[in-house]
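Student: Please take a close look at one part of this model for me, the packing of its helices. Then lead me on from there to the sheets and the loops.

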Amino acid sequence: MLWDHVIKNGYLYTGNGFEKGHLYIKDGKIAAISNEELEGEALEVTDGEGLYVCPGFIDTHIHSRDPGPTYKEDFYYSTQAAAAGGITTVFEMPNTNPPINNVGNFEKQKENLTSKAHVDFGIWGICLGDVNRKDILPLHHAGVIGFKFFWGYAINKETFQLMYNYKDGEEGVIPPLSDGEVYSIFQEVQKTGQILAIHAENNQIIQRLTEEVEASGKRDYEALLEGRPNLAEEMTIQSGIALAKNLGTRLHILHVSTGEGVKLVRQAQTDGFSNITSETCPHYLFLSNEDYDRVGPQMKVYPPVKYKKDQEELWRGIKDGTVSVVCSDHAPHTEEEKDGSLWDIPAGMCGVETLAPLLLNAVSEGKISLVDVCKLLSENPAKQYGIYSQKGSLKIGTDADITIVDINKKHTIRREQLHSKSKVTAYDQTPITGMPVATIVRGIKVMDNGEIISQPIGRIVTPRK
């Protein structure tokens, strides 16, 4: 037998732990797993001695700006960054220009991203209310990974772009959707059986409170939180859960940032509603309002980073399974765009490359286990989005997507070393213990010790029908 790639003597993820063994790859698939060496030669051998062989990590939430303002980022760079950070599959968000609001734009995006992808990828479809309600089922059949609804955002009537700083009365704008139109979105997505993921912030609360804060003259980080309080997330999650309970829609709460949000999801799951799930991001796990003076405007994201009490509840949610996925919400801007007044600069920062290292460092600090990381970054998302066990497992016959981890490797995150176009990060100079040291996509080693060693080889991933 001529194997394409053999990983020898590594600790292989089993679903519940790790066992030492050898993993054999042939034609892009895992062909064999054995405690003893098998006969045959190999085109490539990776020495896994002392290393942990994990199912390829997945980032379910990235914004590569492609097509759109690609001066900030594009898919070539974002997927290089993903591979450098141990990610083998990314899910690209649909608020591009044009958005992924119909099958035609989905097919164009598939072609666009395939030419640039260093890792495999899924593509989200967007829900714009009645504007594209008839396109939801066709997008499902075309192969979107899920549907996203930016709850509370206005929409440009001509371009269908989201309006991030909408004010009442603006012309040429579809205002934030009514509850009746939101109901129809939940109803339509329910027919597909796929996830409806929501950005959960109540626009009316934010507009009113922001006006009050602006009138007060306050411009510090606490003022930002006064204008976008925990209540804004809590109210929208409450509404979403009520609709999901009534209609049976598979509701996924994106980037949960508050303790109130965690508790609402936990209660829904306790009540037996397994169709309701949630995710969070490293900035909510590793930062709080107390870090703003140290980090500065790079830390501005929406929903904003909240308080220590929220951070603590998010960690409890991870430990008890309420929060089943951690993702980056990678949303780069240029340094010039982020250099200004807190109230005027855009929200978002790089995250896809630092996602796994930050969670691995949490392993070194005893906050979670490496098994937890494999579930949060691989197994759980693959199952939720209908691509398990093609992705998210180390099983014979599945894609040979593998992230190899050195749990003891020391590293310091440095902005100038990030592979994204943008270098805006809240984690510059953060010391890390535990790093991905190899990224393998369908048997092809894309990253080796932090260096990208492959040209774009990524393919689209679609859910099982």
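Tutor: Start where two helices touch. Gly259, Glu260, Val262, Lys263 and Arg266 of α8 meet Lys309, Asp310, Glu313, Leu314, Arg316, Gly317 and Asp320 of α11. Contact here means heavy atoms within 4.5 Å. Helices are DSSP runs of H or I with at least four residues, strands are runs of E with at least two, and both are numbered from the N terminus.

A word on the model. It is predicted, so local features need pLDDT of at least 70 and side-chain atom pairs count only at pLDDT 80 or more, while totals for chains, interfaces and linings use all residues. Residues are numbered from 1 along each chain as its sequence is written, and side-chain values use heavy atoms, with hydrogens and water left out.

Back to the pair. The axes of α8 (residues 259-270) and α11 (residues 308-320) come within 8 Å and cross at roughly 30°. Therefore α8 is roughly parallel to α11. Axes are lines fitted to C-alpha atoms, for helices over the stretch in contact, and angles run from 0 to 180 degrees between N-to-C directions. Angles under 35 degrees count as roughly parallel, over 145 as roughly antiparallel, 65 to 115 as roughly perpendicular, and the rest as oblique. The residues of the contact between α8 and α11 divide into 2 nonpolar, 2 polar and 8 charged. For these classes, Ala, Val, Leu, Ile, Met, Phe, Trp, Tyr, Cys and Pro are nonpolar; Asp, Glu, Lys and Arg are charged; the others, Gly among them, are polar.

Now set another pair beside it. Helix α12 (residues 355-364) and helix α13 (residues 370-384) have axes that come within 9 Å and cross at roughly 150°. So α12 and α13 are roughly antiparallel to each other. Their crossing is right-handed. On the α12 side, the contact is made by Leu355, Ala356, Leu359, Leu360 and Val363; on the α13 side, by Leu370, Val373 and Leu377. Here the residues divide into 8 nonpolar, no polar and no charged.

Helix α2 (residues 103-114) lies across β9 and β10 and runs at about 160° to β10. The sheet is open, with 3 strands in the order β8-β9-β10 and parallel pairing. Its edge strands, β8 (57-62) and β10 (120-123), each pair on one side only. Neighbouring strands are turned by 20° against each other on average, direction ignored. Strands pair if DSSP finds at least two bridges between them. Strand β9 (residues 87-92) and β10 pair over 4 bridges. Thr89 stands opposite Asp120 in β10. In a regular strand, side chains alternate between the two faces of the sheet. Both faces of β10 are covered: Asp120 and Gly122 on one side, and Phe121 and Ile123 on the other, are all buried. Buried means under 20% relative accessible area, exposed over 50%, and partly exposed in between, with a 1.4 Å probe and protein chains only.

Follow the loop between β9 and α2. It holds Pro98. A cis peptide bond joins Asn97 to Pro98, with omega about 10°. The bond from Tyr302 to Pro303 is also cis, and its omega is near -10°. Pro303 sits in the loop between α10 (292-295) and α11, which brings us back to the helix of the opening contact.

Most peptide bonds are trans, and most residues other than glycine have a negative phi. Asp329 has a positive phi, near 50°. It lies in the loop between β19 (325-326) and α12. Asp329 is buried, with a relative accessible area of 10%. Phe160 also has a positive phi, near 60°. Its place is the loop between β13 and β14. Phe160 is partly exposed, at 25% relative accessible area. Strands β13 and β14 belong to an open sheet of 3 strands, ordered β14-β13-β15, with antiparallel pairing.

Last, a helix end. Gln190 is in α4 (residues 179-190). Leaving aside neighbours within four places in sequence, Gln190 is in contact with Leu247, Gly248 and Thr249. Gln190 and Thr249 are 59 residues apart along the chain, yet their C-alpha atoms are separated by 4.5 Å.

How values were computed
A crossing is left-handed if the near helix is turned anticlockwise from the far one by less than a right angle, and right-handed if clockwise.
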